[in-house]
Amino acid sequence: METIRNWLLPLVLAAVQGALMGPGSGPAERPGLPGLIAVGCALFVETAALGRRRQAPVRALAGALGAYVLGMVAWPDGYLGLGTPVALYSVAVRCPMPVTVRAVAGLVGVEWVMSAVQDGFRVSLLTLAITLSVYVLCAGLGEARRQWLGGRLTAAHRLAGAEHARRTAGDHERRRLARELHDVSAHHLTSVVVTVDAAQRLQDSRPELAPEALSFAERTGTETMASLQRLVGLLRDTDCPGGPGVTSAEIEELVAGFGRLGRPVAAHIPDDLTGPAAEAIHGIVREALTNAVRHAPGAAARVHVRRADGLLELTVENAPPRTPAPHDTGGLGAGRGVAGMRERAAAAGGELTAGPGPDGGWLVRATLPDAVGPQQPPGPAWRRHVLREQRLADPALALAAMILPVVISLGATEDWPERTRRGSMPELIVVTVLLVLHALPLLWRRRAPVACLVAVLATAWLWPVAVAVVPLPSRVSQFLAGGTLVELLAVYALAAYGRGPSTAWPALIATAFGTASVITATAAADGSFEGDPVDGFIGVMVIVLCAVLAPLFAAVCGAGLVLRRRRLRVLAHDDFAFASSMWHAQQAAEAERHRLALTLREAVLHHTASLVALARQGRLDDVATTARAALAAMRDMLHGLGDAGDVAGRLAPSPTAADLDTLCRTLRAAGRDVRLRGLPEAGRDLPASVHVSTYRIVAAALGAGDHGPARVTLGRRRGTVSITVTGVPLAVAGPVAERLRVQAAAGEGRIVLEPTGTVRVSLPAGPAPAPVQEVSPSPYA
């Protein structure tokens, strides 16, 4: 299919040129045998070059240009050279803007040099104008196509990202909740265990520490219960994604709380920390100081945050321990403190390192983006947006609408050269200015289609005024008739980029009547139309012109409405797919939160409540035991969070090729025509890995974001399963294509991605299954 698409247009152009070379056709003056041979060679080179226009567009343009030069030298009046505009369009579609601009400049320069050599300088100016308008128009249409394809690729990336978020939402939520719970357990429960253990060891030498430890355990246990209950409430409240943002005051209060544990902590923190960076700093400081309490009891610590070049640099450093840490403190945490700090830094867009300090202590360094720093000026982004909107397509159409009417009218008006030689060049300048003013509003046809059409109709009335004031030549209404192209483009823009049929059809009627009135008024001011007097036929002329122009405008308006409907349908499909993926991701995260809330209440909260009650009763030994039990329950729950994804993966059934029928039925129920062929024959007796690979490849191709009809064909031959998916152009490029390549490579298969939207995969599957034969049951069975 891709081969036919690449070669069909070049062969058609070659057939048209070949028909002109046949006897009895083409120009009267035919070249001799050497000239025909040269034209044939040029035609062969052009056809071969255009066949590669999608794979190597720049080389195809160079080959087409060389063939054009050879053909024009051999047969100036008979060689068409239609390959250069086609190749230029391919360059504009597949290459960046600077390459397209250089290609247009090179083509126009070659055309002008050839025209100047053959016909002289005066005629070459007209040729330059024609060539410039044609090539710029081809480049503009190609650029518009490239922008559309770029938008589709961006949508594919967006959908792929949403699908990835849907698949990983549960895992991300589990990791986030595990980090939050680890912070709660480390900051509160570990402090209780360390304090109570210290009071138990020193109860003979310092008996006054026992009441302080009990008071601290009661206070900290109450805070722990409040934190856990708040977390449970947040987990159950689906409408509240989180609490208020962390501020500098909360970070300072956190540092002061560690200072009350009996260790000197120095801090330097800016007063305006907000956003994700402040939340990350709060979590990192809490984890780092908790580790210092656990592994370096009594050692001094320092927390320092400073700004530098739009970044926040956090340093948490503690000195070596004054006394050896208790031997059993290693089991207090969940064993992921440094990993959790790195995750927090990475989530905020930064990085973190942790390791021994130069004095034998421990040093944590983090670099985070500063959300309060100076923002980027909006100017460059606004200019980039304008360039994206009007890079080449709209200026190309406006330029063509300015030049083509002049070229057409000059070719049909015989007295212009004579009047020009008599010194009437200002008249041509007036006509040129009118055409420029008439076509200039097309630059805004996408951004403001209604205003563009109104401006086009308003500038058209300058024609009768100019004809009445300035002595322009006869049959000047031909210029306005040629300028009707501007009205056509404006009507198309209103239908394609406006508010829909309710605005397009009334505007069409008004445009047809207004254009007919302006042409009639211009002819009345000039006194003639097409060389005939118009006296007494003004009303009839308006009616006739309306009858002629209305079907033309209606056809253009209908084409614009069809394009608008197709574009909106594509965008609506993308938005629906994106919203569906995000909804599923939210549901997965919500399910994890509810599961964790239930486990948290059952496993940890009752231990914490018992800890507070025992502390109030003064039972120091039981407080230590209960705190350790609460930590153990928390640790088990954290390990369960880490294993939940693996358990779910082990329990979830693997998809098979037979599930493709259900997948296709689901897509058809959603409104997309998807047909499946080849089941169940191709899926019989396949290895489990091939079943999974087949399903995932087809599901990824169909889920790329396309909305048109698709066909899935499965085949089995000589130990190979062939998978062909057609109608999926978004699956042959971008992240979906990369995913398909990885899946095919994982199955030790081969994959071919055709630009037409076809995916072909071959997977090794072992020998084909033998046909099933009916066997009568044994009476002894």
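1. Helices here are DSSP runs of H or I with at least four residues, and strands are E runs of at least two, both numbered from the N terminus. Counted in this way, the chain of this predicted model has 24 helices and twelve strands.

2. For the chain as a whole, 44% of the 781 residues count as buried, and the accessible surface comes to about 38,600 Å², with 62% of that area belonging to carbon and sulfur atoms. Among the contacts in the chain with a separation of 6 or more, 76% are accounted for by residues 24 or more positions apart.

3. Turning to the helix pairs, the axes of α15 (residues 449–460) and α19 (residues 501–526) come within 10 Å and cross at roughly 10°. Because angles under 35 degrees count as roughly parallel, this crossing makes α15 roughly parallel to α19. On the α15 side the contact is made by Val-450, Leu-453, Leu-457 and Ala-460, while α19 contributes Thr-503, Ala-507, Thr-511, Thr-515 and Val-518. Sorted by class, the contact of α15 with α19 has six nonpolar and three polar residues, and no charged ones.

4. Helix α15 also pairs with α16, and here the axes come within 5 Å and cross at roughly 15°, which means that α15 is roughly parallel to α16 as well. The residues that make this contact are Ala-458, Thr-459 and Ala-460 of α15, together with Leu-462, Trp-463 and Pro-464 of α16. By class, five of the residues in the contact of α15 with α16 are nonpolar and one is polar, with no charged residue present.

5. Within α16 itself (residues 462–469), the buried residues are Trp-463, Pro-464, Ala-466 and Val-467. Seen down the axis of α16, these buried residues fall within an arc of 160°, and they therefore line one face of the helix. Ala-468 and Val-469, on the other side of α16, are exposed.

6. A separate point concerns Thr-315, which is found in strand β3 (residues 311–318). Its relative accessibility is 9%, and because buried means under 20%, Thr-315 counts as buried. Leaving aside neighbours within four places in sequence, Thr-315 is in contact with Arg-302, Val-303 and His-304, and also with Leu-363, Val-364 and Arg-365.

Methods:
Residues numbered from 1 in each chain as written. Predicted model: local features only at pLDDT ≥ 70, side-chain atom pairs only at ≥ 80, totals over all residues. Heavy atoms only, no water. Axes fitted to C-alpha atoms, helices over the stretch in contact; angles between N-to-C directions. Parallel < 35°, antiparallel > 145°, perpendicular 65-115°, else oblique. Contact = heavy atoms within 4.5 Å. Nonpolar A, V, L, I, M, F, W, Y, C, P; charged D, E, K, R; others polar. Buried < 20%, exposed > 50% of the residue type's maximum accessible area, 1.4 Å probe, protein only. Areas by Shrake-Rupley, 256 points an atom, 1.4 Å probe, with all protein chains shown as cover. Arc of directions from axis to C-beta.
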